[in-house]
Amino acid sequence: MYSAAIADDEINIREGLRDLVDWAGLGFSLAGVFDDGNGLLSLLEKSPPDLIVTDIRMNRCSGLDVSRYIQQNQLPTRVILISGYKEADLAMSAIKYGVKNYILKPIDLDELTDCIQKVRDELDAQRAALLQKAELRHARSEMSGVLSLFFNELMQGTLHNQSLIRRMFNL
């Protein structure tokens, strides 16, 4: 299960995001719900969640500020920005900070759910790639040990099984 956090200065939006989204069904547990970006920054310093859903504009610390922090610190956290504004400069700033998902208010629950599912799919793919890389590294390490043993025995002249020698050279 992945972790997610929410921040919005509007209580109705914040509680709606918390209560109406089927977080567990989407593969996420909520790590926190905040009324501004300062809470998110504190969370990011301690234990960065996999996903943040945040308002682009909040009183003290905005979603853009949070996105900038994530980019500057090269955190793997994904961000979905929500906004009541249709201003192009905000969207451009979001793109500059690596945000791929930008949703306008009023929030369409299906659109948000689709965005969260896409993030989960990206996280699943990333996790699978890391697992595959680790498995390949382990297999290469084991193979290196077997090859070393094989060549040691071959050079000492203690290896006489011709079939094994051919298979090892093919390997």
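Is Gln-74 buried or exposed in this structure? The legends below take up this residue and several other sites in turn.

**View 1. Gln-74 in the loop between α3 and β4.** This is a predicted model, in which local features need pLDDT of at least 70 and side-chain atom pairs count only at pLDDT 80 or more, while totals for chains, interfaces and linings use all residues. Residues are numbered from 1 along each chain as its sequence is written, and side-chain values use heavy atoms, with hydrogens and water left out. Gln-74 is exposed, with a relative accessible area of 72%, where buried means under 20% relative accessible area, exposed means over 50%, and partly exposed lies in between (1.4 Å probe, protein chains only). Gln-74 also has a positive phi of about 50°, although this residue is not a glycine.

**View 2. The aromatic cluster of Tyr-2, Trp-23 and Phe-28.** The structure holds two aromatic pairs, a pair being rings of Phe, Tyr or Trp (its six-membered ring) whose centres lie within 6.5 Å, with planes under 30 degrees apart counted as stacked, over 60 as edge-to-face and the rest as tilted. The rings of Tyr-2 and Phe-28 have centres 5.8 Å apart and planes at 45°, so this pair is tilted. The pair of Tyr-2 and Phe-28 links distant parts of the chain, since Tyr-2 belongs to strand β1 (residues 2–7) and Phe-28 to strand β2 (residues 28–34), 26 residues apart; helices (H or I, at least four residues) and strands (E, at least two) are DSSP runs, numbered from the N terminus. The pair formed by Trp-23 and Phe-28 is edge-to-face, with 6.4 Å centre to centre and 85° between the planes. Tyr-2 and Phe-28 are buried, and Trp-23 is buried as well.

**View 3. The salt-bridge network around Lys-105.** Side chains of opposite charge can pair when their charged atoms come close. The structure holds ten salt bridges, each being a side-chain nitrogen of Lys or Arg within 4 Å of a carboxyl oxygen of Asp or Glu. Lys-105 forms one of them with Glu-10, and the closest N and O atoms are 2.9 Å apart. Lys-105 lies in the loop between β5 (101–104) and α5, and Glu-10 in the loop between β1 and α1 (11–20), so this pair ties together parts that are 95 residues apart in sequence. Glu-10 is partly exposed, with a relative accessible area of 39%. Asp-55 also forms a salt bridge with Lys-105, the closest N and O atoms being 3.2 Å apart. Because Asp-55 lies in strand β3 and Lys-105 in the loop between β5 and α5, this second pair ties together parts that are 50 residues apart in sequence. Asp-55 is buried, with a relative accessible area of 3%. Through shared partners, salt bridges join Asp-8, Glu-10, Asp-55 and Lys-105 into one network. The peptide bond that leads from Lys-105 to Pro-106 is cis, with omega near -5°, and Pro-106 is placed in the loop between β5 and α5.

**View 4. The salt bridge of Asp-36 and Arg-60.** In this pair, the closest N and O atoms are 2.5 Å apart. The pair links distant parts of the chain, with Asp-36 in the loop between β2 and α2 (37–46) and Arg-60 in the loop between β3 (51–55) and α3 (63–72), 24 residues apart. Asp-36 counts as buried at 4% relative accessibility, whereas Arg-60 counts as exposed at 59%.

**View 5. Val-79 and Val-99.** Val-79 has its place in strand β4 (residues 78–83) and is buried, with a relative accessible area of 7%. Although Val-79 and Val-99 are 20 residues apart in sequence, they are 5.8 Å apart in space, C-alpha to C-alpha.

**View 6. Residues of helix α5, including Leu-123.** Leu-123 is buried, with a relative accessible area of 5%. Leu-123 and Asp-50 are 73 residues apart in sequence and 8.1 Å apart in space, C-alpha to C-alpha. Ser-141 is likewise placed in helix α5 and counts as partly exposed at 49% relative accessibility. Between Ser-141 and Leu-130 there are 16 Å in space, C-alpha to C-alpha, for residues that are eleven apart in sequence.
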